[in-house]
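Reader: I am new to reading protein models, and I would like to learn how to go from the overall picture to single residues. Could we work through one together?

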Amino acid sequence: MAVEAVIAVDATERNRRANAIAFAVMVALIAIAPFVAYPFFIMNALCFALFACAFNLLIGYANLLSLGHAMFLGLASYVCAHAAKVLEPVSAIALGVAASAFLGFVTGALAIRSVGIYFAMITVAFSQMVFFFCVEAPFTHGEDGIQAVPQGRALGLIDLSNPWLLYAFVAAVFLFGFLAVQRTVNSPFGEILKAIRENEPRAVSLGYRSLQYKLAAFTLSAAIAGLAGATKAIVAQNASLTDVSFAMSGEVVLMTLVGGMGTFYGPVVGALIVVSMQNYLAQFGEWVTVIQGVVFVACVLAFRRGIVGELAARAKIAL
């Protein structure tokens with residue numbers, strides 16, 4: 001028993017060291033990225049990376065597959081874009097996050113009573129309802145979306161029309177969301193989520209109310225997805241139906257699986273790969289979707305746990 005305890009402590013310490021190094025490398029890459037790549041592209045990638053982290057919190061640690069997660073990204077984007085016309089950016093983003101969190105609580109309260117494919121289909125149904133709401137609601141301007149969203153001054157002090165200040169702001173939002181997910185997973189709440197994921201009947205027999213924990217995870221995931229969508233609206237200065245479409249829900253699944261489901265850094269890597277393909281392969285038109293499919297199949301065959309998941313498994317560390 002003593003030997004096993006020592007081995008467990010060593011493994012935990014090794015994981016902490018590996019995660020500290022990985023986080024430092026990620027922060028360093030974020031710091032130098034605007035000097036070697038187009039800043040708008042990096043900011044867009046960070047928003048989608050945060051969206052993928054939110055989705056990964058749900059599927060990777062609560063074992064809940066939402067095929068309509070774009071409704072939270074899109075709703076927050078629309079609410080933030082509309083509110084930014086009269087409020088400063090941070091308040092507009094907070095309003096978008098609150099809207100997504102409320103939607104997550106309502107839809108989650110109804111959806112988590114089902115499991116498996118039934119849960120996934122219910123999220124798709126809700127997502128389509130939100131999509132049609134965004135088409136018909138007067139303030140969304142239908143297929144034109146909300147354009148010319150003012151970037152303004154965050155907290156009345158930081159001029160987000162300055163590209164460098166905007167980049168620093170987006171990087172700070174991403175790191176805040178990323179650390180929030182990481183802290184949640186490493187908390188007692190996260191450990192209970194993992195227990196429910198591994199064996200829900202046993203967790204229930206120990207006295208844990210699994211439905212309440214699932215609802216809390218769903219609501220938190222929706223809020224973080226909303227944070228990504230609201231920030232994206234400020235960066236791109238628009239909100240469109242693309243943000244709330246079913247295709248966007250499919251893309252976040254692709255990002256998470258390619259990078260590595262159930263890992264902290266997998267969704268970030270997956271989002272960077274998918275956004276890079278969309279950006280640099282845009283000249284191929286509709287063939288981009290085919291190329292993404294080929295890459296996805298190749299990753300599934302070569303990296304069954306995802307890119308980061310496979311590397312972490314071979315190095316025997318948890319990332």
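Reader: What percentage of the 319 residues of the protein chain count as buried?

Author: A word on the source before the answer: this is a predicted model, in which local features need pLDDT of at least 70 and side-chain atom pairs count only at pLDDT 80 or more, while totals for chains, interfaces and linings use all residues. Residues are numbered from 1 along each chain as its sequence is written, and side-chain values use heavy atoms, with hydrogens and water left out. Buried means under 20% relative accessible area, exposed over 50%, and partly exposed in between, with a 1.4 Å probe and protein chains only. By that rule, 50% of the 319 residues of the protein chain count as buried.

Reader: How many helices and strands does the secondary structure of the protein chain come to?

Author: Helices (H or I, at least four residues) and strands (E, at least two) are DSSP runs, numbered from the N terminus. Here the protein chain has 13 helices and two strands.

Reader: Which residues of helix 10 are buried, and what covers them?

Author: An α-helix has 3.6 residues a turn, so residues three or four places apart point the same way. Helix 10 covers residues 246–259, and its buried residues include Met 248, Val 252, Met 255 and Gly 259. Contact means heavy atoms within 4.5 Å, and the cover of these buried residues includes helix 2, helix 3 (70–83) and helix 5 (116–136), as well as helix 11 (266–280), helix 12 (287–302) and helix 13 (307–315). After helix 10 comes Gly 260, whose phi is positive, near 140°.

Reader: What does the C-alpha trace of the protein chain span along its principal axes?

Author: The C-alpha trace spans about 65 × 45 × 45 Å along those axes.

Conventions. Expected span 1.5 Å × (residues − 1).
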